[in-house]
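Reader: I have a structure open that I have not seen before. Could you walk me through it?
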Amino acid sequence: MATNTNEAFAILKDAVTFEFAEDAYLKEIAKLMTKEECDDGHVFAKEGEVSAKWFILDEGTVLRYKGPVDDNHILDKLEGRGRVTALFHSLKEEHVSYSTVVASGHVKLWSVDAKAYRDLLASHGGFALQLAAHLARLLRHESKVSRALAQARGSSPDDDKGDSKTLRVLCYDTTEWVRSGFGPALMEFNKGLENLQIVMEYTEDRLNARSAAYATGYDAVCTFVNDTADSDVIRMLSMLGVKMIAQRAAGFDRIDTKAALTFGLTVARVPAYSPYAVAEHAMSLLMTLNRKITRASSRVHMSNFTLDSGLMGMDIHGKTVGVMGTGKIGGILCNIIKGFGANLICFDVFENDEVKQIGGKYVTKDELYEQSDVIFLMMPLLPSTHHTLNMDTLPKLKQGVLLVNTSRGGLVHTGALLEGLKTGRIGGVGMDVYENEADYFFQDWSAKQIEDPQLVSLLGNNNVIMTAHQAFFTKEAVDKIVSTTLENLRDYAKGMTGLEHPNSCLPKPKE
Ligand SMILES: NC(=O)c1ccc[n+]([C@@H]2O[C@H](COP(=O)([O-])OP(=O)(O)OC[C@H]3O[C@@H](n4cnc5c(N)ncnc54)[C@H](O)[C@@H]3O)[C@@H](O)[C@H]2O)c1
């Protein structure tokens, strides 16, 4: 053999993919191999396109991406001599690549012309048979694994009978109200379905990179506000065959919807449950804070019926109240504020005509900071709204302003909030959400030491009223969350997938 062919044969002997093949056949493949060297960023195969070659890595690293490379959704990383990529889909002429394969740094590899390889298989029946036997063994192994997992779950992949389909859903971050809300409602809902049954199972764990594996064998996962479905989790879910995320909330800031689109997952949410519930809770937080209700009530319960200046509040009537974000919840809150006879000023990237009709005046952000005695944060958490309240905005606020946040903790830089409370620039805060709530909220920490010093500082401050993400929590809202989530699952099972789903929150492609 020529030097090159010797080298190619040696690398084939190191490739696990070819451990099944006899040397005689490897020598034939070696004759088809061409040595290549490529720089960082070189694209070997493009997702969705037919690739004319397959590759064996000699030195360096190759990354496989789903979706546009710039989006950085890395499927896996090939490193080390003898790793093979793009081989199996090149067995058939019209099969397209599942991912885009790109050099990460300088890469040395060998390429094999896909057609020449197919011709080799066609003319060497013995080799083709060895390859078929090898693939059958891999397939048997994979199917044994999935059957074992299905059995462990108490179900079988053959659950779907005739025309009837079963949609298996794993519900993460399950607390008592979730189980008792979904349990009876699902039984009733299933009675009204034709050729479909939804089976929901529950775990108390939150969805994250570790717990994603629990979803093996499920068609969909049902998530809540503190579950994490970032790009890695989405990739894992898609590899496990999960095709849908049913978010049982309106906000979906912990779901990487761009990654979901790339990996072909449908994501649906509950766009509105009870905006009244959240708006009313926001006002309750303000009034509890303003009229010192917690302190007053505990004093009275201890038979201390005195009044002192520590209990003094202010009239909201006549004060200037600023609302940032005048969407569904913010709009309802504006009505409530007007009912108090306050002067209403607002900031939003889109003005709400109904808010203007009731006398709300849109101002700039800085004007709102400067004039407001009370500020409500009512906008979603987006890159543009992250840390809206920060060290730079602090000096712009009116001295002693009361702040209410029922939207998302990330709207407020907690260090700036603590600084504002310390200096008195912020007179008090009513918060239903906290920047780092995911580690604590919806769990009982009463017998444990809280390790987050910022949370400890907030909880120890008399001018802080905190509830643990319960603004939505009314009977009406929970009923709506349950019914819309079940409808979302049914619609997905009936074929309304991706952007076609009525409650999709996937990003729409730019026109
Ligand atoms: N605490 C809870 O239990 C709870 C429950 C439901 C919703 N929420 C939170 O409340 C938020 C608001 O809900 P909604 O139903 O009113 O949403 P919505 O989409 O109807 O309204 C959001 C408003 O914010 C505005 N906005 C967007 N970017 C902005 C910016 N940079 N500055 C100012 N305004 C901006 C939008 O234009 C819109 O008018 C949700 O995103 C969610 O995070 C919390």
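Reader: How many residues of domain 1 are in contact with domain 2?
Author: This is a predicted model, to begin with. In it, five residues of domain 1 are in contact with six residues of domain 2. By class, the domain 1 side of that contact has one nonpolar, two polar and two charged residues.

Reader: Where are the domains in the chain?
Author: Domain 1 covers 3-123, domain 2 is made of 165-273 + 477-500, and domain 3 covers 275-466.

Reader: And how many Å apart are the C-alpha centres of domain 1 and domain 2?
Author: Those centres lie 37 Å apart.

Reader: OK, the ligand. Which residues come nearest?
Author: The ligand has 31 residues around it, and Gly251, Gly325, Gly327, Ile329 and Pro380 come nearest.

Reader: Which element gives the most to the shell?
Author: H10 does, with three residues.

Reader: Which domains does the shell draw on, at least three residues from each?
Author: Domain 2 and domain 3.

Reader: What is the shell like by class?
Author: There are 17 nonpolar residues in the shell around the ligand, along with 10 polar and four charged ones.

Reader: New topic. Which residues of the largest nonpolar core touch the most other members?
Author: Val169, Ala220, Val221, Ala260, Ala282, Leu333 and Phe376, out of 95 residues in that core. H8 supplies the largest share of this core, eight residues. At least three residues of the core come from each of domain 2 and domain 3.

Reader: What is alanine 282 in contact with?
Author: If you leave aside neighbours within four places in sequence, alanine 282 contacts Leu333, Phe376, Val404, Thr406 and Ala471. Another core lies apart from the largest one; this other core has 25 residues, among them Trp54, Val62, Ala103 and Trp110.

Reader: Now helix H2. Which of its residues are buried?
Author: Helix H2 spans residues 23-31, and its buried residues are Tyr25, Ile29 and Ala30. Down the axis of H2 these fall within an arc of 150°, so they line one face of the helix.

Reader: Why would residues three or four places apart point the same way?
Author: An α-helix has 3.6 residues a turn, so residues with that spacing point the same way.

Reader: And what does the face of H2 turned away from the buried side carry?
Author: That face carries the exposed residues Asp23 and Ala24.

Reader: What about phi of asparagine 72?
Author: Phi of asparagine 72 is near 65°, which is positive in a residue other than glycine. Most residues other than glycine have a negative phi. Histidine 387 also has a positive phi, near 50°.

Reader: Where do those two sit?
Author: Asparagine 72 is in the loop between strand E3 (53-65) and strand E4 (74-79). Histidine 387 is in the loop between strand E15 (374-377) and strand E16 (401-405).

Reader: Is asparagine 72 buried or exposed?
Author: Asparagine 72 has 11 C-beta neighbours inside 10 Å, so it counts as exposed. Histidine 387 has 17 other C-beta atoms within 10 Å and is therefore partly exposed.

Reader: Last one. Which residues does isoleucine 74 touch?
Author: Not counting residues up to four places away in sequence, isoleucine 74 touches Leu63 and Tyr65. Isoleucine 74 is found in strand E4. From isoleucine 74 to threonine 100 there are 26 residues in sequence and 9.5 Å in space, C-alpha to C-alpha.

Methods. Residues are numbered from 1 along each chain as its sequence is written. This is a predicted model: local features need pLDDT of at least 70, side-chain atom pairs count only at pLDDT 80 or more; totals for chains, interfaces and linings use all residues. A residue is near a molecule or strand if its C-beta atom, placed from the backbone, lies within 6 Å of it. Helices (H or I, at least four residues) and strands (E, at least two) are DSSP runs, numbered from the N terminus. Ala, Val, Leu, Ile, Met, Phe, Trp, Tyr, Cys and Pro count as nonpolar, Asp, Glu, Lys and Arg as charged, and the others, Gly among them, as polar. Domain bounds come from an automatic or database domain assignment. A nonpolar core is a set of buried Ala, Val, Leu, Ile, Met, Phe, Trp, Tyr and Cys residues joined through C-beta atoms within 7 Å. A residue is buried if 20 or more other C-beta atoms lie within 10 Å of its own, exposed if 12 or fewer, and partly exposed in between; C-beta atoms are placed from the backbone. Two residues are in contact if their C-beta atoms, placed from the backbone, lie within 7 Å. The arc is that of the directions from the helix axis to the C-beta atoms.
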